[in-house]
Amino acid sequence: TPGARNVIGGNGWEGVSIEGGGTTDNAIIGNYIGTDVSGVTALPNAGGGVDIGFRAASNVIGGCTAGLRNLISGNGGAGVTIAGISVTDNRILGNYIGTNVTGTAAIPNGIGVLIKNQAVDNVVGGDTAGSSNLISGNRGAGVKIDNTGTMHNVLLGNRIGADASGTLPLGNGREGVLIDFASANIVGGTGANEGNLIRFNGGGGVAIED
């Protein structure tokens, strides 16, 4: 409910940091991270919105209902960063990343979601109702998967570059999805609701490089 929400903005580094071996099964739900209480004005965290690193595993950012959704926008770095060896099995579900609270205008992060440095088996989105992330309006790529050894991460059912309706432009400044020096990651799937909607971005829809 709105009364349970944290407003996490204006900090000198990340808004939320989840780090360390044994740091598991934590849930970040229903917060405004990088905006003010209205959800329409940026209140940036300088380093980024949410950072999961240093062997943290099996944490959940968001959820499959509107009340569980985080608004992660306006931050200086990435909206969500998942980075490091043994950073695995984390789920990013149902969030608005780079937009205002209604998903109709941009409040950009640097990158929407950044997965790097040998993080494996993390999932952004899902195939169930409400699990789709809206990743739009960011200055860089919507999703960037980076570095050798960053493998088996999955993007399912997300809207990347459109507004909340999926029909109007709210593009990321560069690629919708950029896979750079990384291998064996999956964008979409063959099951119901597993496809990502990737449109209106400043660069390619999906770019696989180097």
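Let's start with a pair of isoleucines: Ile72 stands opposite Ile97, which sits in strand S10. What joins strand S7, residues 71–72, to strand S10, residues 96–97? Two bridges do, and the two strands run parallel. Please keep in mind as we go that this is a predicted model.

That pair belongs to an open sheet. Seven strands form it, in the order S1-S4-S7-S10-S13-S16-S19, and the pairing is parallel. At the edges stand strand S1 (7–8) and strand S19 (197–198); each has a single partner strand, so one side of each is left without a neighbour in the sheet. As a reminder for anyone new to this, strands of a sheet pair through backbone hydrogen bonds, either parallel or antiparallel.

Now to a second sheet. This one is open too, with six strands in the order S3-S6-S9-S12-S15-S18, again with parallel pairing. Which strands are at its edges? They are strand S3 (27–28) and strand S18 (186–187), and each of these pairs on one side only. If you look towards the S18 end, you'll find strand S15, residues 154–156, pairing with S18 in the parallel sense over two bridges. Within that pairing, Val154 stands opposite Ile186 of S18.

Let me step back to the chain for a moment. How many helices and how many strands does the secondary structure of the chain come to? The count is zero helices and 20 strands. The radius of gyration is 15 Å, close to the 17 Å that the globule rule gives for 210 residues, so the chain is as compact as a globular protein of that length. Along the principal axes, the C-alpha atoms fill a box of roughly 40 × 40 × 30 Å.

A few more chain totals. Of the 210 residues, 52% count as buried. Take the contacts with a separation of 6 or more: 84% of them are between residues 24 or more positions apart. The chain exposes about 8,200 Å², and carbon and sulfur atoms supply 54% of that. As for charge, there are 10 positive and 15 negative charges, and their mean positions are 6 Å apart.

Next, have a look at strand S5, residues 48–53. Why call S5 largely enclosed by the rest of the structure? Because six of its six residues are buried. S5 has parallel partners that we can follow. Five bridges join it to strand S2, residues 14–19, and there Ser17 has Asp51 in S5 as its bridge partner. Four bridges join S5 to strand S8, residues 80–83, also running parallel. In that pairing, Ile52 stands opposite Ile82 in S8.

While we're at S8, let's pick out Thr81, which lies in that strand. Is Thr81 buried or exposed? Its relative accessible area is 12%, and since buried means under 20%, Thr81 is buried. Leaving aside neighbours within four places in sequence, Thr81 touches Val50, Asp51 and Ile52, along with Leu114 and Lys116.

Lys116 brings us to strand S11, residues 113–116, which pairs with strand S14 in the parallel sense over four bridges. The bridge partner of Lys116 in S14 is Asp146. S14 also pairs with strand S17, residues 177–180, in the parallel sense and over four bridges. There, Lys144 has Leu178 in S17 as its bridge partner.

I'll finish with a glycine. Where is Gly34 placed? You'll find it in the loop between strand S4 (32–33) and S5. At 0% relative accessibility, Gly34 counts as buried.

Methods
Residues are numbered from 1 along each chain as its sequence is written. This is a predicted model: local features need pLDDT of at least 70, side-chain atom pairs count only at pLDDT 80 or more; totals for chains, interfaces and linings use all residues. Side-chain values use heavy atoms; hydrogens and water are left out. Buried means under 20% relative accessible area, exposed over 50%, partly exposed in between (1.4 Å probe, protein chains only). Two strands pair if DSSP finds at least two bridges between them. The radius of gyration is taken over C-alpha atoms; the globule rule is 2.2 Å times the number of residues to the power 0.38. Contact means heavy atoms within 4.5 Å. Accessible areas come from the Shrake-Rupley method with a 1.4 Å probe; for residues, only the protein chains shown count as cover. Lys and Arg count as positive and Asp and Glu as negative; His and the chain ends are not counted. The place of a charge is taken as NZ of Lys, CZ of Arg, CG of Asp or CD of Glu.
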